[in-house]
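Hi everyone, thanks for having me. I'll walk you through one structure today, so please have a look at it while I talk.

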Amino acid sequence: MSTEKASEPKVGVSGRKIVYDKDGKPCRTCNSLTDFQFATTGIKPAKAAAKKPVKDAYKDIPPDVEVIGKSSWTLLHSIAATYPETPDNKQQLDLKQFLKLFGNFYPCWYCGDDFKEYLGKNEPKVDTQDAFGRWLCDAHNEVNVKLGKPKFDCNLWKQRWKDGWEEKSL
Ligand SMILES: Cc1cc2nc3c(=O)[nH]c(=O)nc-3n(C[C@H](O)[C@H](O)[C@H](O)COP(=O)(O)OP(=O)(O)OC[C@H]3O[C@@H](n4cnc5c(N)ncnc54)[C@H](O)[C@@H]3O)c2cc1C
């Protein structure tokens, strides 16, 4: 690994442009992890991670309920992680509307129906980022329980989806 400190590099190790947030910090959810690490620490991975050649990546098969589920939770929790700490009224209304539409169009119809039923019984908490992150964690736990999976500790939602794990949590 090279430890040469890069100050606000324009291009990442992937060759793609580094995207910065409005506060000038590298955007965690807009860059690949290696590009983000490069922009924040200046560290370049010894070798680029082995990637599927593009022509093989295009041969991936249509997603099943598990792949759709994991990708969808990733999207939803990442939305929570980037939702404003103190959203204005429009942002709160938009998020509620988004969740309803998300349930309407969810590709696994019975999953979407159950999610909408959960929404009906549990009004989404959208007044702060943390309130939404915890509400979403509870919604995800409802599905975990339905599928016989362990519940996730919702006190840790921000470490899992925003800040990264603290040493004592590992
Ligand atoms: C709205 C919705 C409804 C679904 N309903 C069904 C259904 O009815 N039947 C069905 O078979 N599948 C359903 N799924 C898919 C299912 O929830 C899983 O996504 C899928 O089984 C793959 O599970 P996984 O073990 O890979 O981890 P996932 O459950 O997809 O979780 C991904 C990661 O999220 C983290 N995580 C786990 N729980 C939480 C939590 N509570 N809060 C925050 N982070 C957490 C963990 O790090 C985990 O590795 C649904 C998905 C969605 C988005």
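**Around the ligand**

Let's start with the ligand: 20 residues surround it, and the closest are Gly69, Cys111, Cys137, His140 and Phe152. By "surround" I mean that a residue's C-beta atom, placed from the backbone, lies within 6 Å of the molecule.

Before I go further, a word on what you're looking at. This is a predicted model, so local features need a pLDDT of at least 70 and side-chain atom pairs count only at pLDDT 80 or more, while totals for chains, interfaces and linings use all residues. Residues are numbered from 1 along each chain as its sequence is written.

Which helices each supply at least two residues of that shell? They are helix H3 (65-82), helix H5 (109-121), helix H6 (129-146) and helix H7 (157-163). H3 gives the most, with seven residues. Helices here are DSSP runs (H or I, at least four residues), strands are too (E, at least two), and both are numbered from the N terminus.

**The whole protein**

Okay, let's zoom out. The protein has seven helices and zero strands, so along the sequence the pattern reads α-α-α-α-α-α-α. Along its principal axes, the C-alpha trace spans about 55 × 40 × 35 Å.

Of the 170 residues, 11% count as buried. Buried means 20 or more other C-beta atoms within 10 Å of the residue's own, exposed means 12 or fewer, and partly exposed is in between, with C-beta atoms placed from the backbone.

How confident is the predictor? The average pLDDT, the predictor's confidence in each residue from 0 to 100, is 90, and 94% of the residues score at least 70. Over residues 1-6, though, the pLDDT is below 50, and beyond near neighbours in sequence this stretch has 13 contacts in the model. A contact means two C-beta atoms, placed from the backbone, within 7 Å. Where pLDDT is low, the predicted coordinates should not be read in detail.

**A closer look at H6**

Now back to H6, one of the helices that supply the shell. H6 has 18 residues and reaches 26 Å from its first C-alpha to its last, close to the 26 Å expected at 1.5 Å a residue. That expected span is 1.5 Å times one less than the number of residues.

Which residues of H6 are buried? They are Phe132, Gly133, Leu136 and Cys137. The buried residues pack against H3, helix H4 (89-105) and H7.

On the other side of H6, Val145 and Lys146 are exposed. Why does Val145 count as exposed? Because it has 11 C-beta neighbours inside 10 Å. After H6 comes Gly148, whose phi is positive, near 75°.

**Two more residues**

Leu101 sits in helix H4. Leu101 is exposed, because 10 other C-beta atoms lie within 10 Å. Its C-alpha is separated by 9.2 Å from that of Lys116, 15 residues apart along the chain.

Last one: Lys162, in helix H7. Lys162 is partly exposed, with 16 other C-beta atoms within 10 Å. Lys162 and Ile79 are 83 residues apart in sequence and 9.9 Å apart in space, C-alpha to C-alpha.
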